[in-house]
Amino acid sequence: MGKYFGTDGFRGEANVQLTVNHAFMVGRYVGWYYGREHKAKIVIGKDTRRSSYMFEYALVAGLTASGADAYLLHVTTTPSVSYAVRTEDFDCGIMISASHNPFHDNGIKLLNGNGQKIEPEIEARIEAYLDGKLEELPLATGAEIGRTIDFASGRNRYIGYLISIPCRDFKNIKVGLDCANGSSSAIAKSVFDALQAKTYVINNNPDGTNINTNCGSTHIEVLQRFVVEKGLDVGFAYDGDADRCIAVDHKGNIIDGDKIMYVCGKYLKEQGKLNGNTVVTTVMSNMGLYKALEREGISYEQTAVGDKYVAENMMENNYSIGGEQSGHIIFSRYAATGDGILTSLMVMEACVEKKSTLCDLAKEMKVYPQILRNVRVADKKTARENPKVKEAVEAAARALGTEGRILVRESGTEPLIRVMVEAGTEDICAEYVNSVVKVLEAEGLVVE
């Protein structure tokens, strides 16, 4: 990770860690970099945060000042920007979103010409420019100044693409959607309606400040209640920019990213579409997923945490499916990045084709108890490398042995240390999570 760019773009509180000047300069560099040999075409989407408009205009100013043409998708999902880049001959895509973070945060995600997260070396060049380590870029003049083009039609083409993917319709299936008052509010219902589902939607009235607030994939309990109270067959919750999905079965059980990968991985294998007979996960996936995949004769690979690492592994090896427990799931046949709405369509297809409920398909995977504590710290690296913290982690690992595991890592997007323990019981998990958190506190590394 760089000074500004983490695992999911440049993210921070709007006009505090991430300012309009940052956005303008990112636009200046991106417009210049991709326009060195031709007039660059950059497509931009944004989520529903109040600050997204501010950052959109700042990026556009920077891009056009460098001579690039900026195409605006307006409020849309991150996967739709990826789709537009891949299919419409754009040089680069920009998504303005802080994903699952609260509304006062925002972020700038950059996508390359393949619709995947931009290369680290380009991020490093942008950071050098932001820090004044590069010479000033030339300003476009006269007819070379860039234009801004309304590109709402690109979002509509993406919606049409999603509708074309399932091999069956969802007629008379009662589906609940929690749009997190975010980007999916403009897309998800129309997709499910077109596929003839009986669609029930909550949290699809964004006002600029309610994105992710007690709703969406980070507050799945809201959808759980809704599905049970309404007697729905299934429910899907998205995050702010709709690149992740968590499902709920008709009994209100949570079907997280691990269970989704199991259900869809097994289905793809049965259909002869699981390339390499492999599912790609991160180190945060539950032990239960691996045991279930092994039972089905399916191989798996592990990457570092972050869907960018999953995507890289999948691209290198031509694998069909991979993702994270948090709900970032990539289906490489259809998309280059995690896509929450696409994920919900693939889950629906598995249920319809197998004439089964999601509850029955997912219960084949036993979940091992897992506790994750997010500890806010002043400095992630200092906390992670503290000798006494490392000793506590090593002691917990020895005690857990082969019957469990501990993973302590830095968040890629927030000032957090994530402490996760997986074991046979929740009491054991809590014991070893607390043993590490207490050391963090005792060393004065924790902030309120």
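These legends walk through close-up views of the cavities in a predicted model.

Residues are numbered from 1 along each chain as its sequence is written. In this predicted model, local features need pLDDT of at least 70, side-chain atom pairs count only at pLDDT 80 or more, totals for chains, interfaces and linings use all residues, and side-chain values use heavy atoms, with hydrogens and water left out.

View 1. A cavity is a set of points, on a 1 Å grid over the protein atoms alone, where a 1.4 Å probe fits but cannot get out. Points are joined across faces, edges and corners, and the volume is the space filled by probe spheres set on them.

**View 2. The largest cavity.** Its space comes to about 80 Å³. Among the lining residues (those with an atom within 4 Å of a point) you'll find Thr7, Asp8, Gly9, Glu123 and Lys308.

**View 3. Who's who around the largest cavity.** The lining splits into three nonpolar, two polar and five charged residues. Ala, Val, Leu, Ile, Met, Phe, Trp, Tyr, Cys and Pro count as nonpolar, Asp, Glu, Lys and Arg as charged, and the others, Gly among them, as polar.

**View 4. The second largest cavity.** This one holds about 60 Å³ of space. Its lining includes Tyr83, Tyr158, Tyr161 and Tyr334. Helices H3 (78-87) and H5 (152-164) each bring at least two residues, and H3 gives the largest share, four. Eight lining residues are nonpolar, two polar and two charged.

Terms used:
On a 1 Å grid over the protein atoms alone, a cavity is a set of points where a 1.4 Å probe fits but cannot get out, and a pocket is an open set with protein on both sides within 12 Å along at least five of seven lines; lining residues have an atom within 4 Å of a point.
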